[in-house]
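Subject: Structure for you to look at

Hello,

Here is the structure I said I would pass on. Please open it and keep it beside this email while you read the notes below.

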Amino acid sequence: MKIRPAWGPLCGQVAVLGDKSISHRALILGALSEGTLQVANLSDGADVASTRSCLQELGVRFEESGGGELRVEGVGLDGLKAPASELDCGNSGTTMRLLMGVLAGQPFDSVLIGDASLSRRPMRRVGDPLSRMGARIELSDGKAPVRIRGRRPLSGFAHRLEVPSAQVKSALLLAGLFADGETTIEDPFGTRDHTERMLSFLGAKCKVGGGVRAARISSGALKSGKRVTVPGDPSSAAFFAAAAAIVPGSSVSLKRVLLNPSRIGFYEVLREMGGLVEPDHGGVHGREPVGDIEARASSLRGVRVPAEAIPRLVDEIPLLAVLAARAAGPSRFEGLAELRLKESDRLEGTRAMLEAFGAGARIDGDALVLEGGAAFKGARIETLGDHRLAMAAAVAALAADGETELSDAGCVGISYPGFFGALEGLRG
Ligand code: S3P
């Protein structure tokens, strides 16, 4: 994929497709509920398709209904069937980790596999606490393939997250649906809470809060017979807000975007950098707040982002680093150890990308340090097959001097197949 710099302002509207995290949860929790869940604006990315095909292998039926909506025919907590073969999670960590929680509590065995990237990612963080609930899980050197000897009931337990991961928290809450007694997961990091919200929406016995940041769940049927519209993905919308910020004269409007506080750290940091970005709360979809976001060309200054802020913008670091590399003055992002464990080593991938564009970027322990004030030059960028690195590089390319070439740009289809078309649609 070759990208030429923008020759004029970006303007117009983007209605980004449904949030990836919420789409996974709508499919999984819809499948476990009694009745039909009608889902509108589901993500069309490959990761969510992986969750759908794994659930199909487990006997769940889906029906496309008019207007791009999908009907999930719930089978209830007792209705999943033993799969005939291995369940392929593709590139999707969310699929693998959330399904580990569900499958640990089934009366049958299963095996989860993934592509080369997913097979390098750590799974003990889910397998170990699940074992404390009585689950029997075999990993290969801590990684996939994941062999699960299902059993029911599991035992409810109390656990404090050791790593800031919503996938781990969600897997344990899902396992709690198949456990005796209560399961309490304390989340000192404040990771995204979509599982808790979707569980409550479907009538599960799930409570949040009570002094500490914790979610409690006990077994009990989920009831659907409902309709949910998945809010636009703020992590996808962020690429357009960033593009608008760095291309002079731009003004872009992002429609019906998820504004859950655990997901909008990017927009808050962009504002702190002097970015003209205005979220406007407009309503609630299911249990999730949504609204439109206006973003305009801005002159940005450097920023320091502490480790505590990272869970709320963990997927947006490569993009924020692009903005910070151009901003006036230095920037520092702290507490990025988790980035090394994403679809690629995203910390090193981000540093290398910025270096290729001619920006000063270095890694200091688990922090990323940017000199600021860079004028990007066109470059050849290795995306490492990582969708978020590819899209961040595409945004940087708009503000570069000369043409940029991305290796394996097709990887954007993991979360956003329509990305390049939507970006071109903003040409004046
Ligand atoms: C996700 C949680 C995050 C995030 C990923 C989606 C989720 O991962 O990076 O894109 O849907 O729960 P971790 O739980 O590993 O932090």
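The ligand has 13 residues around it, and those that come nearest are S21, R25, S165, D315 and K342. Please keep in mind that this is a predicted model.

Three of these side chains can be described by a distance to the ligand. In S21, a polar side-chain atom lies 2.7 Å from an oxygen atom of the ligand. For R25, a polar atom of the side chain is likewise 2.7 Å from a ligand oxygen. The side chain of S165 has an N or O atom that is 2.7 Å from an oxygen atom of the ligand. How much of the ligand does the protein bury? Taken alone, the ligand exposes 380 Å², and the protein buries 96% of that.

The ligand takes up the space of the largest pocket. Which elements give two or more residues to the shell around the ligand? They are α1 (20-32), α3 (93-104) and α5 (166-176). Helix α1 provides the largest share, three residues.

The shell can also be sorted by residue class: six of its residues are charged, four are polar and three are nonpolar. Domain 1 (2-17 + 231-424) and domain 2 (20-217) each supply at least three residues to the shell around the ligand.

A few points about the backbone are also worth checking on your screen.

- The peptide bond from A144 to P145 is cis, with omega near 0 degrees. P145 belongs to strand β9, residues 143-149.
- Another cis peptide bond joins R152 and P153, where omega is about 0 degrees. P153 is in the loop between β9 and β10 (154-155).
- N41 is not a glycine, yet its phi is positive, about 65 degrees. Look for N41 in the loop between β3 (36-40) and α2 (46-57).

If you want a place to start, find the ligand, then S21 and R25, whose polar side-chain atoms each lie 2.7 Å from a ligand oxygen. After that, go to the cis bond between A144 and P145, and then to the one between R152 and P153.

Regards

Conventions. Residues numbered from 1 in each chain as written. Predicted model: local features only at pLDDT ≥ 70, side-chain atom pairs only at ≥ 80, totals over all residues. Heavy atoms only, no water. Near = heavy atom within 4 Å. Polar contact = N/O pair within 3.5 Å; in protein donor to acceptor, adjacent residues only side chain to side chain. Areas by Shrake-Rupley, 256 points an atom, 1.4 Å probe, with all protein chains shown as cover. 1 Å grid on protein atoms, 1.4 Å probe; cavity = no way out; pocket = protein on both sides within 12 Å on 5 of 7 lines; lining within 4 Å. Sits in = over half its atoms within 2 Å of the grid points. Helix = DSSP H or I, 4+ residues; strand = E, 2+ residues; numbered from the N terminus. Nonpolar A, V, L, I, M, F, W, Y, C, P; charged D, E, K, R; others polar. Domains from an automatic or database assignment.
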